[in-house]
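Here is a quick tour of one protein chain, told spot by spot. Have a look at the model first, then read on.

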Amino acid sequence: MKKQLDRPGSPAVVAEGAPSDDGEERAPATVDWDDRARQAGAQPFDERRACDLFVQLWQAETHLVGLSPAELGRIAEHFRHFTVPAGQEVIGQDEQGNYLLVVLEGRVGVERVQRGGGRVRVAEARAGDMLGEMSVLDAGSRFSACTTLTPCIVAVLDARRLDAMMANEPRLAMALLASLARRLSLRLRQVSARLSALLSGG
């Protein structure tokens, strides 16, 4: 029987499909950023410097191109900003998460954990890339594990802050959501192209 995974200093996560006391399966517990940050040794980063990095990286973003640097800075203010040492997991596979990350500096490995415990690198995120956005939008489980390959600076937006942005600054929230949709669409097209190549024997 799978039990709740309790490790000292790490967030409590219920193993996927673990049965409850009444014999019914239950979904993994949600792991929020505060728990993950403590586990990963993340430290708050200077807000002004982080906002400057955010604006520089996102000025070329297609769906945000109509926003001024000041408006991009206001979007950045809804995020929290942290440094994370190398070799730390910032998103866990199959857990339920309520936050997304934007890499402002450094590199993050995106890996799929196999049944035997091995890991397959499926992508590498760099400055300007976003991670974990799908789970914030659909409240589903994380598809992959994300681990810092170098010391990183990340911007973190949780579902509660996204809701506040939508209520208080809907135009900026819509611009951000348009960016999320575009990134997810591009990712889906890439996966579809790979699948088509495999099916065609290419």
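Leaving aside neighbours within four places in sequence, Thr-150 is in contact with Val-84, Pro-85, Ala-86, Gly-106 and Arg-107, where contact means heavy atoms within 4.5 Å. Its side chain also reaches the backbone nitrogen of Arg-107 at 3.0 Å. Thr-150 sits in the loop between β12 (145-148) and β13 (152-158), and counts as buried because its relative accessibility is 19%; buried is under 20% relative accessible area, exposed over 50% and partly exposed in between, with a 1.4 Å probe and protein chains only.

A word on the ground rules: this is a predicted model, with local features needing pLDDT of at least 70 and side-chain atom pairs pLDDT 80 or more, while totals for chains, interfaces and linings use all residues. Residues are numbered from 1 along each chain as its sequence is written, and side-chain values use heavy atoms, without hydrogens or water.

Zooming out, the protein chain has six helices and 13 strands, taken as DSSP runs numbered from the N terminus (helices H or I, at least four residues; strands E, at least two). Of its 202 residues, 42% are buried. Among contacts with a separation of 6 or more, 71% join residues 24 or more positions apart.

Now for the largest pocket. A pocket here is an open set of points on a 1 Å grid over the protein atoms alone, with protein on both sides within 12 Å along at least five of seven lines; a 1.4 Å probe is used, and lining residues have an atom within 4 Å of a point.

| Largest pocket | Value |
|---|---|
| Volume | about 1000 Å³ |
| Lining | 32 residues |
| Supplied by α6 (the most) | 10 residues |

That volume is the space filled by probe spheres set on the points, which are joined across faces, edges and corners. Besides α6 (170-199), the elements β9 (108-113), β10 (119-125), β11 (130-131) and α4 (133-138) each supply at least two lining residues. Nearest the pocket centre lie Val-110, Ala-123, Met-130, Glu-133 and Arg-187.

Beyond its neighbours within four places in sequence, Glu-133 is in contact with Leu-100, Leu-180, Arg-183, Leu-184 and Arg-187.

Last stop, α2: its buried residues are Ala-50, Cys-51, Leu-53, Phe-54, Val-55 and Trp-58.

Notes: Polar contact = N/O pair within 3.5 Å; in protein donor to acceptor, adjacent residues only side chain to side chain.
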